[in-house]
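Good morning, everyone. Please look at the screen while I walk you through one chain. I will start with the whole and then go to the details.

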Amino acid sequence: MNQPLICMTLTGRTLEEDVNLVKKYEKQVDIVELRVDCLSEDEQFYARRFPTMIQLPCILTIRRDIDGGKFTGGEFSRTNLFARALAFANEDKSRNFAFVDFEDDYHIPSIQDTAMAFGIKIIRSTHVMNPVEVNIKGRYEKMRKTGYEIPKIAFTPRSLDDVTSLFSQSREITDYEHILCAMGPEGLPSRILAAFSNSFLTYVSPNETIDCMKDIGHIDMLTLTNIYRFKNISKKTKLFGITGWPLIKTLSPKIHNAGYQKHNIDAVYIPIRTPDISKALNFCDRMKVNGLSVTIPHKESVLYYLGEQSPEVVQIGACNTIVKNGDKWCGYNTDATGFQRALEEFIGSEKIKRRKVAVIGAGGAAKAVVYALKQMGAKVCIFNRTEEHAQQLADRYGFNYCKLDTHCIEKLDEYSSLIIQTTSVGMNSEDKSSNELDPIFFYKFRGDEMVFDLIYTPSTTPLMLRASKKGCRTCNGYKMLEYQAYEQFKLFTGKEY
Ligand code: NAP
């Protein structure tokens with residue numbers, strides 16, 4: 001099987017808009033798909049001109065609304081559009097559409113014959129929108145009526161297990177070209193790892209239009225080519241990744257994949273999104289993923305599946321890194337050392353020993369932070385919304401604790417020379433001024449506090465903004481992220497980042 005092609009889907013309102021996008025990305029893209037259903041009604045009639053306006057092979061698609069497209073006219077109008085786009089095809093085949101996408105239930109012999117007569121290949125596609133069991137090979141056999149068609153299945157997985165099954169089933173399909181993709185956030189591995197499913201192509205969106213395609217799981221052009229280096233992925237490529245849920249934004253793929261590139265390692269690191277850690281591990285076992293970063297909400301639930309735990313994991317009670325050793329997973333925690341290194345850099349020469357430190361939050365990240373602060377000799381008070389969680393964590397190290405609410409101001413004041421924010425409040429926030437996005441909105445800064453927020457998206461949280469306006473020194477969690485990732489990199493590859 002050949003290396004999968006990169007197919008850029010064009011959803012512009014005009015042909016000119018689409019042509020401009022093709023020109024911008026033509027060096028990275030192998031083929032484009034013209035979504036005629038996204039063009040304005042006037043422009044739809046001129047679709048046949050499109051292949052003559054660009055230098056890349058093109059797929060003609062007119063997707064109905066019932067299949068997730070925008071075409072709302074009847075089948076008669078759609079057939080008319082197909083006829084206009086195909087029947088007047090140019091005699092110079094390179095200036096025609098190279099492919100046409102017909103749904104599995106669309107059988108108009110005259111249109112099909114026209115496509116075949118002009119050497120335009122037919123993609124026979126089915127969009128399974130409802131979560132049903134997908135028997136890929138069985139479906140393909142039914143779809144390939146003439147043997148001329150390239151069958152395509154796009155489906156919405158019920159869970160990551162359906163994506164795992166997609167890879168297992170498609171491994172055997174090597175005797176004809178086919179297209180496979182799983183949609184939605186859990187389907188992302190099917191798009192990046194098309195080489196592993198023997199898919200003929202993978203669909204991407206230009207960065208300019210990715211927002212309207214994100215829901216169905218499209219990935220943007222630059223991320224696929226620059227971060228995942230799609231063209232370098234083969235079945236020999238070693239797999240690593242990060243699992244979590246919803247895992248909307250993560251910078252970890254950027255850091256790890258840049259490391260593989262720097263060290264010339266044939267490996268790729270991908271997001272494996274799932275709310276169920278056991279499904280992530282099932283995916284990893286079947287796909288031979290060698291190492292995994294573990295993030296919210298799996299850092300504690302993963303412990304159950306570990307064959308071995310590092311002393312830090314045992315002490316902290318949370319794990320953010322797992323590495324496959326034979327048939328067992330070994331768990332590590334790189335958050336604690338990543339945090340310590342970033343904090344030492346932030347506070348510079350100022351000693352942390354015996355310093356009073358406020359830790360806001362008592363979740364998975366706080367566990368690593370408090371462990372590190374104990375090693376560093378700090379005196380800690382843990383403030384948390386659920387007091388019981390703060391107490392449990394504090395008791396483990398003989399630290400103080402307090403319920404996080406408007407009554408804790410006095411205590412917070414006492415421990416405020418260094419405030420470490422570890423909750424998820426303020427993460428991915430755009431509105432930087434809302435009280436709801438600042439876990440200690442009731443606390444008035446003096447200006448001499450130092451504030452370390454573990455969040456790195458956005459780079460300035462509402463809390464950091466408020467503190468810095470009063471003159472406080474602040475630091476976000478990016479350096480911690482980098483340093484813990486460097487350690488993971490070493491655990492995964494045996495090499496210093
Ligand atoms: P977690 O285990 O789910 O813990 C969440 C914490 O936030 C708990 O203490 C929870 O309090 C508190 N919380 C949640 N919503 C709250 C609200 N509305 N008001 C007050 N407190 C609230 O998550 P985690 O793994 O600790 O991660 C927390 C944050 O740290 C995330 O933003 C994550 O991105 C960041 N992080 C950064 C790095 C890095 O490398 N920079 C590493 C790890 C984590 P309750 O106990 O009351 O539920």
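The chain has 18 helices and 21 strands. Keep in mind that this is a predicted model.

Now the overall dimensions. Along the principal axes, the C-alpha atoms fill a box of roughly 80 × 50 × 40 Å. The chain has 497 residues, and 54% of them are buried. Its accessible surface comes to about 21,600 Å². Carbon and sulfur atoms hold 48% of that surface.

Next, contacts along the sequence.

Let's turn to a pair of helices. Two packed helices are described by the angle between their axes and the distance between the axes. Find helix H13, residues 335–347, and helix H14, residues 364–376. What is the angle at which H13 and H14 pack? It is about 60°, and their axes are 8 Å apart. Angles of 65 to 115 degrees would count as roughly perpendicular, and under 35 as roughly parallel. H13 and H14 are therefore oblique to each other. The crossing of H13 past H14 is right-handed.

Which residues meet there? From H13 come Asp 335, Ala 336, Phe 339, Gln 340, Leu 343 and Glu 344. From H14 come Ala 368, Val 369, Tyr 371, Ala 372, Leu 373 and Met 376. Sorted by class, this contact has nine nonpolar residues, one polar and two charged.

Start with Pro 57. The loop that holds Pro 57 runs between helix H3 (50–53) and strand E3 (58–61). Set aside the neighbours within four places in sequence, and Pro 57 is in contact with Asp 30, Ile 31, Val 32 and Ala 98. How far is Pro 57 from Ile 347? In sequence, 290 residues; in space, 56 Å from C-alpha to C-alpha.

Last, Glu 149. Look in the loop between helix H6 (136–143) and strand E6 (150–155). Why does Glu 149 count as buried? Its relative accessibility is 3%, and buried means under 20%. Again leaving aside neighbours within four places in sequence, Glu 149 is in contact with Ile 122, Arg 124, Met 143 and Arg 144.

That's my tour. Thank you.

Conventions. Residues numbered from 1 in each chain as written. Predicted model: local features only at pLDDT ≥ 70, side-chain atom pairs only at ≥ 80, totals over all residues. Heavy atoms only, no water. Axes fitted to C-alpha atoms, helices over the stretch in contact; angles between N-to-C directions. Helix = DSSP H or I, 4+ residues; strand = E, 2+ residues; numbered from the N terminus. Parallel < 35°, antiparallel > 145°, perpendicular 65-115°, else oblique. Left-handed = near helix turned anticlockwise from the far one by under 90°. Contact = heavy atoms within 4.5 Å. Nonpolar A, V, L, I, M, F, W, Y, C, P; charged D, E, K, R; others polar. Buried < 20%, exposed > 50% of the residue type's maximum accessible area, 1.4 Å probe, protein only. Areas by Shrake-Rupley, 256 points an atom, 1.4 Å probe, with all protein chains shown as cover.
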